[in-house]
Amino acid sequence: MTKPLADRIALVTGASRGIGFATAKALAKAGAHIVATARTQGGLEELDDEIRKEGGNATLVPLNLTDSDGIARLGAGLHERYGKLDIIVGNAGVLGPSSPIGHIELKAFNDVMAVNVSANFQLIRCMEPLLKQSDAGRAVFITSGAANKATAYVSPYAASKAALETLARAWAQETANTALRVNLFNPGPIRTRMRATLMPGEDPETLDTPEQVAEFIVPLCAPDWTETGKFYDYKTRTLMGFRSPA
């Protein structure tokens, strides 16, 4: 039986652990060839082992996403090797400091924005031509409820996710008349290292796993997915549109 994502090339950022790791595995299981990026070589090699166990294959790209030239080189390499890109899952992100705004250093704020916003901006710039070469390019960016809740004490993270949402929505509008579909995915509280850092007293067994979340990300990457500029909320299993404040 042909797998639903057979012959698809999928780029997943932050693929060495957590939601990125699980999503890369799920996409590979559905038949996609995975281009996995992360800073951690060991995590990428573990991912490769897991994908190969299930008969899939992956290309590992150790890359710090603050290296904008490295992202550009990755785009050029994908163009030379495949001539297209079918899927991008923009998952990589950092939490940053958990402090009142007045206690946060400017460098710490800029470091969060560099990974959570500027890196995704560069990914869009460099990968859009490749996604448009696909008959069904799909882009999914992982966001957070902190963006609209303006969560206290994680202001750099909340601000960065709000900026990412606006960036993705603007891109969705720009590409609405093409075959490219761009959407956002909010996993909510999930059993990840980031969540444990933020909420060290929380029982992780009360949270869903990255593997459970990944099963809901995969459909947004499929050729038959038609919505764009939308927000999928995992907790409520709801696809939402955006509207202006009342």
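Guide: Let me start with a word we will need: a residue is buried when its relative accessible area is under 20%, exposed when it is over 50%, and partly exposed in between, using a 1.4 Å probe and protein chains only.

Visitor: Okay, and what are we looking at?

Guide: This is a predicted model, in which local features need pLDDT of at least 70 and side-chain atom pairs count only at pLDDT 80 or more, while totals for chains, interfaces and linings use all residues. Residues are numbered from 1 along each chain as its sequence is written, and side-chain values use heavy atoms, with hydrogens and water left out.

Visitor: Which residues of helix H8 are buried?

Guide: In helix H8, which runs over residues 210-217, the buried ones are Pro210, Val213, Ala214 and Ile217. They sit on the same side of H8, because the arc they cover around the axis is only 105 degrees, taking the directions from the helix axis to the C-beta atoms. Helices (H or I, at least four residues) and strands (E, at least two) are DSSP runs, numbered from the N terminus.

Visitor: And what covers those buried residues of H8?

Guide: The cover includes helix H1, strand S5 at residues 138-142 and strand S6 at residues 181-186.

Visitor: Changing topic, which residues touch the most other members in the largest nonpolar core?

Guide: That core has 36 residues, and Leu5, Leu27, Ile34, Phe185 and Ile217 are the ones that touch the most other members. A nonpolar core here is a set of buried Ala, Val, Leu, Ile, Met, Phe, Trp, Tyr and Cys residues joined through side-chain atoms within 4.5 Å.

Visitor: Which elements give two or more residues to this core?

Guide: The strands that do so are S1 (9-13), S2 (33-38), S4 (87-90) and S5, and the helices are H1, H2 and H8. H1 provides the largest share of this core, namely seven residues.

Visitor: You mentioned Leu27, so what is it in contact with?

Guide: If we set aside its neighbours within four places in sequence, Leu27 is in contact, meaning heavy atoms within 4.5 Å, with Leu5, Ala10, Val12, Ala32, Ile34, Val89, Val218 and Cys221. Another core lies apart from the one we were discussing, and its 29 residues have Val35, Leu74, Leu123 and Leu180 among them.

Visitor: What does Ala10 touch?

Guide: Not counting residues up to four places away in sequence, Ala10 touches Leu27, Ala32, His33, Ile34, Val35, Leu85 and Ile87.

Visitor: One more: is Ser155 buried or exposed?

Guide: Ser155, which is found in helix H6, is buried because its relative accessible area is 18%.

Visitor: And which residues does Ser155 touch?

Guide: Once residues up to four places away in sequence are left out of the count, Ser155 touches Ile101 and Ile104.
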